[in-house]
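Visitor: I have a model open and would like to learn how to read it feature by feature. Could you walk me through it?

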Amino acid sequence: MSRLKSESFALELRSPSMVSFEASSDNYEIWSHLGSVCGGMGAVWVAKHKPSKKYVAIKIYELDKCGDELELIQHEIRTVRQLRHPNIIQYMTSFTAAQQLWIIMPFLGYTSASRLVATHFSEGLPEPALALIVREILQGLSYLHSKNIIHRAVRGSHILIDSNGRVILTGLRHSVMVGDNMRWQKTVHCYPPQARYNLNWASPELLEQDLYGYNERSDIYSVGIVVCELGNGEVPYRGIPSTLMLLEKLEDRVPFLYDASTVPQIAENGQGWGMATDSGVGGSVGDNLTSLAITQRLFSPAAHDLVALALTRCPDQRPTADELLHHQFVRYTRKLNGTLPQYLHPVVPITQQTEIGDSVPDLLEESLDQISLNDEVTWDF
């Protein structure tokens, strides 16, 4: 606790409407519980900022439960302070209150991409929505990589969407800067203890931990996994042992988008049909493969190509975030007539006009059990 007090956590930001979010718990009225974070070390709440009457999300950590995780939380706060980008999470303020650490952040109406899939798009997002989300993920990663920061935890639950359709990357507790105190370096060799939460999305070189290390292109591999997660409606490699998943990745048996063009191929190779325990690739979407909607839909060749490029085994052969921003799948978004909220219809975001009462709103209440990840990871933002 003394180490925590040695650093000031107060960070007051002013929104475009010049609202000041004070570093005092007295100015926030907690309303609804959203979920837990960090294995139960804290919780996320919907709250109202009393002076402005605006709704915010608050992460409240119980300091006596944090242990070694406290260092990572401090790292996250310091990192977010230094970043300014529309696709990267911003905190209004953070402070300690009694034995708790409060982090005040925007309340984003569509919540996380993983929750949207779990509650409304069980067979995957429509391709226009997927393309728009990927574009903004890549914009955020391009900014992080320009700052020599590797995210290391790009995943559906770390992708939040506001009521206007803006996509925001969070989860920076897991990030690392490429470099040390003495000199810049091109790769990182450390294996983050918290990586156990992100194994499904992690690149083979990050998991392999060899002499070559890994760099920012490991985030691109995670983008490929996320496209499969959101496009297929399930997390790749779900439910298989970590060692088998590692072998799958090292042997370049990677996930891909499932549609009418790939389902017959899976059946022919014996993957995906009743083999959920044998293959992290086919088994990861085993529950969805017999779906009529999946067997009748077609993703564009550009979507398949982007996934294949992002999941290239050799990191040096993977494109950068900037290069993928010029990929045909991303350029396709320029021709779209609709916005992300339109493509997410009939989902309605929780906005300032939504009545938030004593219970969790309908959008958040709809079957927490549907989500394929446990609650502490789902709301790990």
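Visitor: What pLDDT does the protein chain average, and what share of the residues score at least 70?

Guide: pLDDT is the predictor's confidence in each residue, from 0 to 100. Here the chain averages 81, with 76% of the residues at 70 or above. This is a predicted model, so local features need pLDDT of at least 70 and side-chain atom pairs count only at pLDDT 80 or more, while totals for chains, interfaces and linings use all residues. Residues are numbered from 1 along each chain as its sequence is written, and side-chain values use heavy atoms, with hydrogens and water left out.

Visitor: Where does pLDDT stay under 50?

Guide: Residues 1-17 are one such stretch, and the model gives them 46 contacts (heavy atoms within 4.5 Å) beyond four places in sequence. Residues 357-379 also fall below 50, with 59 contacts beyond near neighbours in sequence.

Visitor: On to strands. Which strands does β5 pair with?

Guide: Strands (E, at least two residues) and helices (H or I, at least four) are DSSP runs, numbered from the N terminus. Two strands pair if DSSP finds at least two bridges between them. Strand β5, residues 100-106, runs antiparallel to β3 (residues 54-62), joined by seven bridges. β5 also pairs with β4 (residues 93-97), again antiparallel, over five bridges. Leu101 shows both pairings: its bridge partners are Tyr61 and Thr96.

Visitor: Is β5 mostly covered or mostly open?

Guide: Buried means under 20% relative accessible area and exposed over 50%, with partly exposed in between (1.4 Å probe, protein chains only). By that cut-off, five of the seven residues in β5 are buried, so the strand counts as mostly covered.

Visitor: What is the backbone doing at Ala98?

Guide: Ala98 has a positive phi near 55°, and it is not a glycine. Ala98 sits in the β4-β5 hairpin, which has two residues between the strands. Its relative accessible area is 71%, so it is exposed.

Visitor: How many aromatic pairs does a search of the whole structure find?

Guide: Rings of Phe, Tyr and Trp (its six-membered ring) pair if their centres lie within 6.5 Å; planes under 30 degrees apart count as stacked, over 60 as edge-to-face and the rest as tilted. The search finds four. One of them is Tyr28 with Phe95, stacked at 6.4 Å centre to centre and 25° between the planes. Tyr28 is in β1 (residues 28-37) and Phe95 in β4, so the pair ties together parts 67 residues apart in sequence. Phe256 and Tyr258 are stacked too, because their centres are 5.0 Å apart and their planes at 20°.

Visitor: Which residues form an aromatic cluster?

Guide: Tyr28, Phe95 and Trp102 form one. Tyr28 is buried at 4% relative accessible area, and Phe95 is buried at 5%.

Visitor: Where is there a cis peptide bond?

Guide: It joins His345 and Pro346, with omega about 15°. Pro346 lies in the loop between α14 (340-343) and α15 (362-365).
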